[in-house]
Amino acid sequence: MMRKAVILACVLLCAGCLTPKKIVPTQYYTIDPVIDVGDAEATALTLGVRPFAVARPYDAGMAYLDSRHRMAYRIKEEWAELPRDVVTRAVMDAITAAGRFADVGKAAEMSLPDCMLTGEVRKFHEDRSVCPPIVELEARLELRRTRAKEAIWADTLRVEMPIADDSGESLAAAMSEAVAVLARQAAENIARADLRVPETP
């Protein structure tokens, strides 16, 4: 009798294991910033852009801060591209559109550009500790002459953008707008920077 009970329990257990479970696929969200900048005074200078560094928490996961300043990630929702690549490309596109430099490209693919732009993405997340939630984007950018130590321009740019609702689509839309604003700010600041070579005494 005991043996039959054990066999029946095993059969029922296996039947439960074989029941097909609904698999929820991971959703991937793109960031599509609309680049809109004014024309700047053109120069014959070239600009090389190095891929921006990124703070450790920010990769493909869609990060958020809760009310206890604890960072977590949305479940089954990810960025289609790494934040580093998205922000670097948006800033490059904005600077190119402004027309200040004769050529803007990836530093590793240029022989010796006149100027160099480096950066670090420090914040790229949803902040749920405020109501309504917002996206926070922060990047430190530095523009230098290739052979000079002193910065021509350096600043930490910060953008906050409200999120319409708690969906991944709304988060992606808000982050797209934040990236566009930051890229425009970078291009406008660089357009106003003094790119002249300092005279030697």
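Author: Of the 201 residues in the chain, 41% are buried, where buried means under 20% relative accessible area, exposed means over 50%, and partly exposed lies in between (1.4 Å probe, protein chains only). The model is a predicted one, in which local features need pLDDT of at least 70 and side-chain atom pairs count only at pLDDT 80 or more, while totals for chains, interfaces and linings use all residues. Residues are numbered from 1 along each chain as its sequence is written, and side-chain values use heavy atoms, with hydrogens and water left out.

The chain holds 3 helices and 9 strands, these being DSSP runs numbered from the N terminus (helices H or I, at least four residues; strands E, at least two). The part to look at is the loop between β4 (61–65) and β5, where D66 is found. With a relative accessible area of 11%, D66 is buried, and, leaving aside residues up to four places away in sequence, D66 touches R128 and S129, a contact meaning heavy atoms within 4.5 Å.

D66 also takes part in salt bridges, each defined as a side-chain nitrogen of Lys or Arg within 4 Å of a carboxyl oxygen of Asp or Glu. In the bridge with R68 the closest N and O atoms are 3.3 Å apart, and in the bridge with R70 they are 3.0 Å apart.

R128, which D66 touches, lies over the face of Y64 at 3.6 Å from the ring centre; a charge sits over a ring if NZ of Lys or CZ of Arg is within 6 Å of the ring centre and within 35 degrees of the ring normal.

The rings of W79 and F124 have centres 5.7 Å apart and planes at 80 degrees, so the pair is edge-to-face (rings of Phe, Tyr and Trp, the last by its six-membered ring, pair if their centres lie within 6.5 Å; planes under 30 degrees apart count as stacked, over 60 as edge-to-face and the rest as tilted). W79 belongs to strand β5 (residues 71–79) and F124 to strand β7 (residues 115–127), so that the pair links parts of the chain 45 residues apart. Both W79 and F124 are buried.
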